[in-house]
Amino acid sequence: MSTIDYSEKIPNNVNLSQDRTLQRALEHWQPNYLAWWQDMGPEGSRDFDVYLRTAVSVDPSGWAQFGYVKMPDYRWGIFLNPGDAERKIHFGDHLGEPAWQDVPGEHRANLRRIIVTQGDTEPASVEQQRHLGLTAPSQYDLRNLFQVNVEEGRHLWAMVYLLHRFFGRDGREEAEALLERRSGDRDNPRILGAFNEKTPDWLAFFMFTYFTDRDGKFQLCALAESGFDPLARTTKFMLTEEAHHMFVGESGVSRVIQRTCDAMRELGTDDPAKLRAAGVIDLPTIQRYLNFHFSVTIDLFGADQSSNAAIFYSSGLKGRYEEGKRADDHRLKGDHYRVLEVHDGRLAEKEVPMLNALNEVLRDDYIKDSVGGVNRWNKVIEKAGLPFRLAVPHKAFHRRIGALAGARIAPDGRVVSEAEWNAKVGEWLPTEADRAFVASLMGRVVEPGKFANWIAPPVVGINKQPVDFEYVRFG
Amino acid sequence: MDIAAATTIRQHLIDPEICIRCNTCEATCPVGAITHDERNYVVRADVCKPCNACIAPCPTGAIDNWRVVPSARVYSIEEQLGWDVLPAELTHDELAAAGVPEAVIGVVAPAVAVVATADPGEPVPLDAAHYSSLLPPWSAAHAYANLYGPKAPTVATVTGNFRVTEAGFANETHHVVLDFGAMPFPVLEGQSIGIVPPGADASGRPHRARQYSVASPRNGERPGYNNVSLTVKRVTADHQGRAVKGVCSNYVCDLKVGDKVQVIGPFGTSFLMPNHPRSNIVMICTGTGSAPMRAMTEWRRRLRQGGKFEGGKLMLFFGARTREELPYFGPLMSLPKDFIDINLAFSRTAGQPKRHVQDLMRERAADLAGLLQQSDTYVYVCGLRAMEEGVLLALRDAAVAGGLSWDALADAMRREGRLHLETY
């Protein structure tokens, strides 16, 4: 099961050649996908030979094969983690029943919606990032960007396989629509808000891969618990790839901070104006970017009270993060959870049925995980002997979805007046001037081993290659 | 001496500064050796095999850290969970102070106790494919591969063709020099090229290309020229000894100066030599398997001549049936002894017992072990497939006798691009 058949047009480990109808349908979709990649994939990169990781099997020894690949020739395909014939559904109303190998009719619409929503984020992020290659701070970073892009492309394949295989004509239409929506398009936008935001510069890209790809991790983790076995196996394999994306984000921001701290020590100043004049990004600006990406991303988990979330869970479609490691009854009827609301001009906790609050549960797990990395960024500052510390804002800050949508809450969790919000928002969220300054630093550096002035080199190279390795060969 | 204190293990650790806590390693580990808390991901020394299943999936490289520690003082889970940075390697003095004997210090061995577990029992079959590195040494030069494919070969001109075995003996071997003129054909020691013999086979299909290792160093058979040399044995019998005239080898051995040859390649990106100062190279070959060894030796010789060679030992085990059939015997003998340690094995010298390369390796086991104990030692094996197992067993026994764990050593060498086997 773990062997991937590369002799076929579409590499896969799902015996695609045994299912002629499906194979034909996917082979019909493939050229459309490639056309989409051509139009909306990384700009001007067509002939580059990129040192990429490609999976040749889903076991540990085979899924990270490195070599130079032209991105349009990347072997996108369909890879599922090995199955377990004995697997049982382990939460919700169907707890203890055998996992579904096919879609139960009564859950068809919900499952399709879950898969389409997940699938839509994958091409969206490629679209958001398509111009970044033109301002890469190094070959190393350019390669990492491209690796993220091709794997997002593969994640789209993973979802499209499920749509084609299990959802008939509806699924095929949804698969086409995934190639038709465009990030930020006014008439036909991507489904989720954060995926219509711009990723205009590399600091935004690193923040996006740290925060927003981590949302991907949590959604995938929740789907990897699904009672619908093909979805669980697909998302499990995607998670292994997703880890690289978060690595790009965490190490990217960390290197920006490192460079800034070095400049702060050299110049003996924390004055943003002086640091900006020296061509590095001051820590308060990094904090504002962080506030923006964190708040936009936690909206992706949805409303804090959601009957859909309850239905998805009870019907066994989507579990909690690490469902299998939790020691409760895995049905959650009668359990409660605390969510936030603004009450009498203050934030107050309110107890609601746990099942309805599962979006909030996943959001809180996500926040805990995000904070860990921010603390590791602080270690860099601490090591440089500087007093500044980064922090994630309060989860009620700058929300657009759920009970807190539109509430005026400061990063420290205080409810503030409209006047105070307007006066301070420039300290809390990136201003036009901040973005323009960061944009002004973006220049293309592609000589092997050279890095833009605003970012430190990485500690280690990719696949143990040296940092000055030729990660991209320009055709 | 307390045996527990006297031994070391190579403990698998995760670098908390580089790790992004993505959980991939923990999800991958087949034996549940990896665990975490809110702060760190850590490895249980008593559970980790180490099988290396977690190494490739790690997106950061944080997973690939190892520390030699006294077995009695492995880093506990609790210690690791408290770390912000990896502890430094224990120094020689610290290990000695912990009661680790001199002979064991510096030895590379994964989480397996390094005690003298010499296994004098029956040799067990060793699978060469399992041991050979897929990666080049870290300091290898970048290799270009597949610049010319079968559909678009390039053309080289023969500029030399010499017999390098004594006339009148079997296994006639030729040293053929090909010049590429203005066509780019960058090639490194250890790589091979393909020669496309003219004509077609019995069923009318064009002959397929045959691969030969280059015998010349990177800057040309003649330094500064765009040429390569090959070591080609005239094939007159098949593996079963039946008379067969090798299509390509006879074509190549009969080439005249000025002839044009169709060439494809270069091939190979892992059987490459280390380039860092003080790297040792152990070469084990038979017959025309000497080609890459000649290339590597000659490159080192040129570096040394140019004063650019900082130490690093060369040790050669070279086997043939007789002295007369050993390619490059003459030039080899004129190399200075302090440059290369040459060991020749002849299996059919009249009046003498048969000696194979592995017999010589066993005789030199102590010196071999000394090299194997160094993480800068790279081993290359090239020749007939039949030699593989004997060579691996001899390597294993030399390692074990030197107080090394073979499994650990072989695994480390394979992962680090330090053990390369190419047989045919």
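Me: A residue is buried if 20 or more other C-beta atoms, placed from the backbone, lie within 10 Å of its own, exposed if 12 or fewer do, and partly exposed in between. By that rule, is B:Asn146 buried or exposed, and how do you know?

Reply: This is a predicted model, in which local features need pLDDT of at least 70, side-chain atom pairs count only at pLDDT 80 or more, and totals for chains, interfaces and linings use all residues. Residues are numbered from 1 along each chain as its sequence is written, while chains are lettered from A and ligands numbered from 1 in the order in which they are written. B:Asn146 has 10 other C-beta atoms within 10 Å, so it is exposed. B:Asn146 sits in the loop between helix H5 (128-131) and strand S5 (154-163) of chain B, where helices (H or I, at least four residues) and strands (E, at least two) are DSSP runs numbered from the N terminus.

Me: What makes the phi of B:Asn146 worth noting?

Reply: Most residues other than glycine have a negative phi, and most peptide bonds are trans. B:Asn146 is not a glycine, yet its phi is positive, near 60°. A:Leu332, again not a glycine, has a positive phi of about 70°, and its place is the loop between helix H9 (307-314) and S3 of chain A. A:Leu332 has 22 other C-beta atoms within 10 Å and is therefore buried. As for the peptide bond, the one from B:Gly265 to B:Pro266 is cis, with omega near -10°, and B:Pro266 belongs to strand S10 (residues 260-267) of chain B.

Me: How do you know that S3 and S4 of chain A pair?

Reply: Two strands pair if DSSP finds at least two bridges between them. Strand S3 (residues 336-343) and strand S4 (residues 346-353) of chain A have 8 bridges, in the antiparallel sense. A:Tyr337 has A:Val352 as its bridge partner in S4(A), and A:Glu341 stands opposite A:Ala348. The two strands form a hairpin with 2 residues between them, and A:Asp344 in that turn has a positive phi of about 55°.

Me: Why is S4(A) said to lie largely in the open?

Reply: The number of buried residues among the 8 of S4(A) is 0, so the strand lies largely in the open. For chain A as a whole, buried residues make up 49% of its 475 residues, and for chain B they make up 42% of 424.

Me: What makes a set of residues a nonpolar core, and which residues have the most contacts inside the largest one?

Reply: A nonpolar core is a set of buried Ala, Val, Leu, Ile, Met, Phe, Trp, Tyr and Cys residues joined through C-beta atoms within 7 Å. The largest has 147 residues, and A:Val160, A:Leu203, A:Met207 and A:Val256 have the most contacts inside it. Beyond its neighbours within four places in sequence, A:Leu203 is in contact with A:Val256, A:Ile281, A:Tyr289 and A:Val438, contact meaning that the C-beta atoms, placed from the backbone, lie within 7 Å. A second, separate core of 74 residues includes B:Val187, B:Phe318, B:Ala369 and B:Ala408.

Me: How many residues of chain A are in contact with chain B?

Reply: By the contact rule, 16 residues of chain A touch 16 residues of chain B. Helix H6 (229-267) and helix H10 (358-383) of chain A each supply at least two residues of the chain A side, and H6(A) gives the most, with 6 residues. The residues of that side divide into 8 nonpolar, 5 polar and 3 charged, where Ala, Val, Leu, Ile, Met, Phe, Trp, Tyr, Cys and Pro count as nonpolar, Asp, Glu, Lys and Arg as charged, and the others, Gly among them, as polar. The model scores ipTM 0.80 and pTM 0.65.

Me: Where in chain B does pLDDT stay under 50?

Reply: pLDDT is the predictor's confidence in each residue, from 0 to 100. It stays under 50 over residues 1-6 of chain B, which have 13 contacts beyond four places in sequence in the model. Over residues 106-125 of chain B the pLDDT is also below 50, with 51 contacts beyond near neighbours in sequence. Where pLDDT is low, the predicted coordinates should not be read in detail.

Definitions and conventions: Two residues are in contact if their C-beta atoms, placed from the backbone, lie within 7 Å.
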